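Please have the model open while reading.

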Amino acid sequence: MRQLIAGNWKMNGLTEQAAGIAGPLRHGAEGLGCDLLVCPPATLIARVADILAGSGIAVGGQDCHAKASGAHTGDISAAMLRDAGASHVILGHSERRADHGESDAVVQAKTLAAIAAGLTPIVCVGETEADRVAGRQNAVVGAQLAGSLPDGFAGVVAYEPVWAIGTGRTPTEADVADMHAFIRGVLAARLGPAGSGLRILYGGSVKPSNAAALMGLPDVGGALVGGASLNAEDFLGIARAARA
Ligand code: PEP
């Protein structure tokens, strides 16, 4: 399975920066053995999709509403993302779970909406530092998967320990491998053979210097990259470390 390197720009970027990142990506991505995805803020999806058209680099959203349309001021539907040029959407990121109180049930409803609109959902799970210290990371991630993934889920799972996001800290390689094996087991038990073929991304302080080690671990299907995705050279450095 080709690895997927996905960039989450979060709430960063105006028109000028979008061109400054997407333009170099378009040229630098030629010949890479992995798949690339860029998730800019919603305001930039159409522009970034234009810049990347025909490059093979996919564009995604960072969230969508669970409903297809209606009186939800300020929200964006999955069909709107698709209409703007997105093929993927990140759902249940820990920042949305924390900032917007998104529960597993909400994430599951959004996941269903994304699939219905023809988007590939990237569902994020991950434990807090307190969970990890208490040794309950598998229980926490298992519960998030049980609640966030709908039956028959077809998409991507991103394991992002909350304490590793934006901190420069990462779990040990053994801890990443253990968690990915655990998630693989949960997916296989829930989804049967289809669960064995889904990508499980690692996210949390991935950078060019640690990407080869992390991407070389079993059951790691790629990376979800925050900060380093705002620099085209760093993002491409991570992509070069990925498995074909
Ligand atoms: C993220 O927010 O999904 C993330 C992984 O961020 P960072 O790479 O900056 O830790």
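## Cysteines

The structure, a predicted model, holds zero disulfides. A disulfide would need two cysteine sulfur atoms within 2.5 Å. For Cys 39, the closest cysteine sulfur is that of Cys 124, and the distance is 9.4 Å, so the two are too far apart for a bond.

How accessible is Cys 39, and is it buried or exposed? Its relative accessibility is 0%, so Cys 39 counts as buried. Cys 124 has a relative accessibility of 2% and also counts as buried, because the cut-off for buried is under 20%.

## Residues around the ligand

The ligand sits in the second largest pocket. Around the ligand are 14 residues, and the closest are Lys 10, Glu 160, Gly 166, Ser 205 and Gly 226. Sorted by class, this shell consists of eight polar, four nonpolar and two charged residues.

## Polar contacts and cover

In His 93, a polar side-chain atom is 2.8 Å from an oxygen atom of the ligand. Ser 205 uses its backbone instead: an N or O atom there is 2.7 Å from a ligand oxygen.

On its own, the ligand has 290 Å² of accessible area, and the protein covers 95% of that area.

Definitions and conventions
Residues are numbered from 1 along each chain as its sequence is written. This is a predicted model: local features need pLDDT of at least 70, side-chain atom pairs count only at pLDDT 80 or more; totals for chains, interfaces and linings use all residues. Side-chain values use heavy atoms; hydrogens and water are left out. Buried means under 20% relative accessible area, exposed over 50%, partly exposed in between (1.4 Å probe, protein chains only). A residue is near a molecule or strand if one of its heavy atoms lies within 4 Å of it. A polar contact is a pair of N or O atoms within 3.5 Å; within protein, one must be able to donate a hydrogen and the other to accept it, and residues adjacent in sequence count only if both atoms are side-chain atoms. Accessible areas come from the Shrake-Rupley method with a 1.4 Å probe; for residues, only the protein chains shown count as cover. On a 1 Å grid over the protein atoms alone, a cavity is a set of points where a 1.4 Å probe fits but cannot get out, and a pocket is an open set with protein on both sides within 12 Å along at least five of seven lines; lining residues have an atom within 4 Å of a point. A molecule sits in a cavity or pocket if more than half of its atoms lie within 2 Å of its grid points. Ala, Val, Leu, Ile, Met, Phe, Trp, Tyr, Cys and Pro count as nonpolar, Asp, Glu, Lys and Arg as charged, and the others, Gly among them, as polar.
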